[in-house]
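Please examine the sequence and the three-dimensional structure shown below. The report that follows describes selected contacts and pairings between side chains.

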Amino acid sequence: MDIQQNQSWVQETDKGTVDDECLHGYQKRKMLKMWLNRLFRIKMTDGRILSGYFVCTDADANVVLQATSEFTEIGGEERILGLVMIPGRYIVSIEERNPRFTW
């Protein structure tokens with residue numbers, strides 16, 4: 001019996017196509033790269049507002065900001081913090097403070 005005939009049941013895959021999951025992951029990474037060094041404002045569950053430049057995030061939705069300032073309320077006194085890691089479970093909202101203009 002020919003060896004090639006015994007292995008004919010193995011399905012071949014088309015290696016030229018990209019599955020949807022891989023494409024979706026690529027789009028997420030592209031979005032995160034666009035956020036790098038952008039000014040973000042993060043509201044926390046305890047009422048504090050942190051404003052700083054986005055550095056990175058992780059799978060637990062923790063966010064790292066650099067050159068960060070803390071405000072206790074809108075119009076409140078500013079406190080300079082520097083580099084901070086904000087646990088994802090304490091984040092209420094995230095907004096970009098200086099969106100890029102498109103013409």
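Ser-69 is buried, since its relative accessible area is 9%; buried means under 20% relative accessible area, exposed over 50%, and partly exposed in between, for a 1.4 Å probe and protein chains only. This residue belongs to strand E3. Helices (H or I, at least four residues) and strands (E, at least two) are DSSP runs, numbered from the N terminus. The model is a predicted one, in which local features need pLDDT of at least 70 and side-chain atom pairs count only at pLDDT 80 or more, while totals for chains, interfaces and linings use all residues. Residues are numbered from 1 along each chain as its sequence is written, and side-chain values use heavy atoms, with hydrogens and water left out.

The side chain of Ser-69 makes a polar contact of 2.7 Å with the side chain of Glu-78. A polar contact is a pair of N or O atoms within 3.5 Å; within protein, one atom must be able to donate a hydrogen and the other to accept it, and residues adjacent in sequence count only if both atoms are side-chain atoms. Leaving aside residues up to four places away in sequence, Ser-69 touches Ile-49, Leu-50, Ser-51, Glu-78, Arg-79 and Ile-80, where contact means heavy atoms within 4.5 Å.

**Salt bridges**

Side chains of opposite charge can pair when their charged atoms come close. A salt bridge is a side-chain nitrogen of Lys or Arg within 4 Å of a carboxyl oxygen of Asp or Glu. The structure holds six salt bridges, and the table lists examples.

| Residues | Closest N to O distance |
|---|---|
| Glu-70 and Arg-48 | 2.9 Å |
| Arg-97 and Glu-95 | 2.8 Å |

Glu-70 is buried, with a relative accessible area of 7%, whereas Arg-48 is partly exposed at 30% relative accessibility. In the salt bridge of Arg-97 with Glu-95, Arg-97 counts as partly exposed at 41% relative accessibility, and Glu-95 counts as partly exposed at 31%. Salt bridges that share partners also join Asp-46, Arg-48, Glu-70 and Arg-79 into one network.

**A buried asparagine**

Asn-62 is found in the loop between E2 and E3 and counts as buried at 15% relative accessibility. A polar atom of its side chain lies 2.8 Å from the backbone nitrogen of Gly-88. Asn-62 and Met-85 are 23 residues apart along the chain, yet their C-alpha atoms are separated by 6.8 Å. Apart from residues up to four places away in sequence, Asn-62 touches Cys-56, Thr-57, Met-85, Ile-86, Pro-87 and Gly-88.

**The nonpolar core**

A nonpolar core is a set of buried Ala, Val, Leu, Ile, Met, Phe, Trp, Tyr and Cys residues joined through side-chain atoms within 4.5 Å. The largest nonpolar core has ten residues, namely Phe-40, Ile-42, Met-44, Leu-50, Phe-54, Val-63, Leu-65, Val-84, Ile-86 and Ile-91. At least two residues of this core come from each of E1, E2, E3 and strand E4 (78-86). E1 supplies the largest share, three residues. Val-84 touches Val-63, Val-64, Leu-65 and Thr-68, not counting residues up to four places away in sequence.

**Aromatic pairs**

Rings of Phe, Tyr and Trp (its six-membered ring) pair if their centres lie within 6.5 Å; planes under 30 degrees apart count as stacked, over 60 as edge-to-face and the rest as tilted. The structure holds three aromatic pairs. The rings of Trp-35 and Phe-54 have centres 5.9 Å apart and planes at 90°, so this pair is edge-to-face. It links distant parts of the chain, with Trp-35 in helix H2 and Phe-54 in strand E2, 19 residues apart. Trp-35 is partly exposed at 28% relative accessibility, whereas Phe-54 is buried at 5%. Phe-40 and Phe-54 form a tilted pair, 5.7 Å centre to centre with 50° between the planes. Phe-40 lies in strand E1 and Phe-54 in strand E2, so the pair ties together parts that are 14 residues apart in sequence. Phe-40 is buried, with a relative accessible area of 5%.
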